[in-house]
Amino acid sequence: MTYYTNLSEDEKAKVDELADLMRGKVTTIVAGAGMSTDAGIPDYRGSGSSGNPTVDFDLFMSHPKWQRWVWQRNQETWRTVAGLTPTAGHLAVAALQRAGLVNGIATQNVDGLDERAGIQRPALLHGTFDLVDCTTCGAQYSREEVDGWMRRLNPDLKDDPDPKNVAILAQVDEDGANSSTFEPAPCPRCGGVLKPNVVFFGEQLPMQEMDLAFAYADAADVILVVGSSLMVATGLWVVHQGLQHGAKLAVINRGPTQVDYNADVRIEGGSSEILMALAERLGVDYSEYQG
């Protein structure tokens, strides 16, 4: 499939402009939910489609009922995320990275699709769905390992296979929390409360990951925003880091972003088709990454 030839003439001109900006340069990608929507994952941050807020860190820690509810929704849907296939956009980024045109990706997503696509050492600005942390002793466990503990304690809980119902951050549902009988597993080292590694609202950002993202941006000639409005400040900070060091700015997104006014190239469109077309124009072979 040739992605470039399927674009409109205006899109082709914009992709050519972006390819010229990136050719022979180093680019850092700042990615948001638009990178993963083609895989079926909704944008989980903010209020969500129902209009309800998500359980924040303070609420999660305030009462066992909210811990039960968060873990019930996480357990019902985490395997759906774990089974998703990377999008064409993820595969294009992996190919661009291996070609030396992209030094890294700073992602606001927590779905693990970057690693599954072959992207090396993404900076996980909002944590990852693949790990679990103890809020008391700081021990960290794989989500696969924790799954076994949760299933033994809750043998009757059923998986929800629909990606649209993924509860990476559970919505505030007082009735659901009050009625939940889910039994979360405690930390096997200290007995403390376990929490998905995903960054909840009100929780401290992972500074090691932020430092990595800033290091990518410091070394970049171009910052490329993909699939993010940058309404969440973490991605915006990485963009500004690159701009302060003289990087050019490009944007691929459906809808406006917080940095459109400053973009050297702005493409209105989906991440998968535009990134694959970009790889083609840069002469990057992505065929080995296609399933």
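Two strands are taken to pair if DSSP finds at least two bridges between them. By that criterion strand 8 and strand 9 are paired, since 4 bridges join these two strands, which run parallel. The model discussed here is predicted.

Six strands make up an open sheet in the order 3-2-1-7-8-9, and their pairing is parallel. Its edges are formed by strand 3 (123–124) and strand 9, each of which pairs on one side only. Helix 1 packs on this sheet and touches strand 1, strand 7, strand 8 and strand 9; the direction of helix 1 makes about 140 degrees with that of strand 9.

Strand 7 is joined by 5 bridges to strand 1 (residues 27–31), in parallel. It is likewise joined by 5 bridges to strand 8 (residues 248–253), again in parallel. From strand 7 the chain passes through helix 9 (residues 233–244) to strand 8, a β-α-β crossover that is right-handed.

| Residue | Opposite residue | Strand of the opposite residue |
|---|---|---|
| Ala31 | Val226 | strand 7 |
| Val222 | Lys248 | strand 8 |
| Asn253 | Glu268 | strand 9 |

How many residues of strand 7 (residues 222–226) are buried? The count is 5 of the 5, so the strand is largely enclosed by the rest of the structure. Both of its faces are covered: Val222, Leu224 and Val226 are buried on one side, and Ile223 and Val225 are buried on the other.

**Helix 1**

Helix 1 (residues 9–22) has 14 residues, which at 1.5 Å a residue should span 20 Å; the C-alpha atoms at its ends are 20 Å apart, in agreement with that expectation. Its buried residues are Lys12, Val15, Leu18, Ala19, Leu21 and Met22. These pack against strand 1, strand 7, strand 8, strand 9 (265–268) and helix 10 (271–281). After helix 1 comes Gly24, which has a positive phi, near 75 degrees.

**Cysteines**

A disulfide is a covalent bond between the sulfur atoms of two cysteines. The structure holds 0 disulfides. Cys137 is partly exposed, with a relative accessible area of 40%, whereas Cys187 counts as buried at 2% relative accessibility.

**Two individual residues**

Is Gln75 buried or exposed? Gln75, which is found in helix 3 (residues 64–82), has a relative accessible area of 2% and is therefore buried, since buried means under 20%. Leaving aside neighbours within four places in sequence, Gln75 is in contact with Arg143, Asp147, Met150, Arg151, Leu157, Asp159 and Phe182.

Arg254 is located in the loop between strand 8 and strand 9. At 56% relative accessibility, this residue counts as exposed, because exposed means over 50%. With neighbours within four places in sequence left aside, the contacts of Arg254 are Glu268, Gly269, Gly270 and Glu273. Arg254 and Asp175 are 79 residues apart in sequence, and their C-alpha atoms are 35 Å apart in space.

Methods. Residues numbered from 1 in each chain as written. Predicted model: local features only at pLDDT ≥ 70, side-chain atom pairs only at ≥ 80, totals over all residues. Heavy atoms only, no water. Buried < 20%, exposed > 50% of the residue type's maximum accessible area, 1.4 Å probe, protein only. Right-handed = clockwise from strand over helix to strand, strands pointing away. Disulfide = S-S within 2.5 Å. Expected span 1.5 Å × (residues − 1). Contact = heavy atoms within 4.5 Å. Axes fitted to C-alpha atoms, helices over the stretch in contact; angles between N-to-C directions.
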